Amino acid sequence: MEHIGYNLTQDQISLRDRARHIANEYIKPRSEEIDKKGEFPWDIQNAFKEEGFFGIGIPKEYGGSERGALACALVLEEIARVCTNSVIICGQAILGTKMIVGAGSHEQKSKYLPPVARGEMIAAVAMTEPEAGSDSAALRTRAVKKGNEYVLNGTKLWITNSDVCDLFTAFAKTDPEKGRAGISAFIIDRDTPGVTVGKHEDKMGSTAIHSCEVVFEDCVVPEENLVGEEGEGFLIAGRLFGETRYITASRAIGLARGVLDYTVEFVKENKINSELTNSKVAEMATKIEAGRHLLYKACCEVERRSKDSRIRVSMAKYFCSSVAVEVPIIALEILGKHGYTPKYPIERMMCDAKVTQIAEGTSQIQCAIIGGALSRGEFYH
Ligand SMILES: Cc1cc2nc3c(=O)[nH]c(=O)nc-3n(C[C@H](O)[C@H](O)[C@H](O)COP(=O)(O)OP(=O)(O)OC[C@H]3O[C@@H](n4cnc5c(N)ncnc54)[C@H](O)[C@@H]3O)c2cc1C
């Protein structure tokens, strides 16, 4: 019979409880200030560093603790519950190194993974371009081989953490004639001559974590920084980033839990008639619980490397981000006028939630992935 459940191990429970403790004691009191200030919170980076949270997605052999997707999701959920900026710091360490972990050479892993695991290096992913968002195969950045080096030229947009990072996994066309089969992946040190990080975008949420333009101009990258083979970049990205979408799903469900926590407290403190609010908080809690189960199940399938794990992760991302957007709207109905002012956190959480339906592939793209798999008979058996 198919294994449909999951049990948390003692290690996962301990890690989750540790993340919950840091979130409640250290991050929560600062989350509003972090967002108002709009600057990268280096003290949170240091706190995660001390806890070893940057190594949870990295193999032990390369300095990480390799905890698996479910443990990572539990940590991210706890942090997102109190701060949507801080959770990105942790999530980016998993996302930014995924190409190296999943497809890098031993030399690449040995050079880049240990410092990221120790929290001494920050990694970013540079895919999106002015003409290439959902359709990442349309990217125009070029990488031309000259001797044993590649010369990169092109512009990336909305690259999260690019103003604080030390390395990019970036995608460029080595053979434009071949379309997606002509896309290759590179590791680029941020201090490489020809790399310029521009000003950050003004965002409606998570304002302390910046997403910026990144320009590569005659940027010379040694051939040993090619990840996989030439022309494999798109294929590998599809495979690996298809799995990492649980990161955004965890952010989404954690945020929704934060909204629920706040609303329940608000109802108690303001002695609002629970007969009026029970149906709304019940709706919020039930949606969150459904999302969590979908998410945890998807993470288990990622760990088991099951053939439909990416479809399940897309379902979790699609559903959890919808919950994240719906739950603050329900909360706002309970809070009434208080929900409609930045004096109370629901307004901020509502803005923070929306990005979970955009980043790591929009909801429409998740639907295209799920619908495509169903029509090909690749799911439900
Ligand atoms: C806060 C933030 C951080 C980000 N960080 C990074 C980062 O670190 N690195 C990086 O590379 N990128 C990053 N991005 C970019 C992100 O990956 C893209 O925004 C995302 O892929 C969607 O692309 P787009 O915004 O260009 O929308 P578009 O692709 O222009 O889509 C616009 C609309 O059309 C819909 N649509 C497009 N194609 C289809 C289709 N085939 N079927 C159905 N509907 C479709 C979309 O769902 C969307 O609703 C970030 C974006 C944000 C907002």
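User: Leaving aside neighbours within four places in sequence, which residues is Tyr246 in contact with?
Analyst: This is a predicted model, where local features need pLDDT of at least 70, side-chain atom pairs count only at pLDDT 80 or more, and totals for chains, interfaces and linings use all residues. Residues are numbered from 1 along each chain as its sequence is written. Contact requires C-beta atoms, placed from the backbone, within 7 Å. For Tyr246 the partners are Ala69, Ala73, Leu295, Ala298, Cys299, Val302, Val313 and Ala316.

User: At what angle do helix H4 and helix H9 pack?
Analyst: H4 spans residues 69-82 and H9 residues 274-303, with axes 8 Å apart. Ala69, Leu70 and Ala73 of H4 meet a set on H9 that includes Leu295 and Cys299. Helices are DSSP runs (H or I, at least four residues), numbered from the N terminus. With axes fitted to C-alpha atoms over the stretch in contact, and angles running from 0 to 180 degrees between N-to-C directions, the packing angle is about 145 degrees.

User: Between which domains does the ligand lie?
Analyst: Domain bounds come from an automatic or database assignment. Both domains give residues to the shell around the ligand, so it lies between domain 2 (123-237) and domain 3 (242-375).

Methods: Helix = DSSP H or I, 4+ residues; strand = E, 2+ residues; numbered from the N terminus. Contact = placed C-beta atoms within 7 Å.
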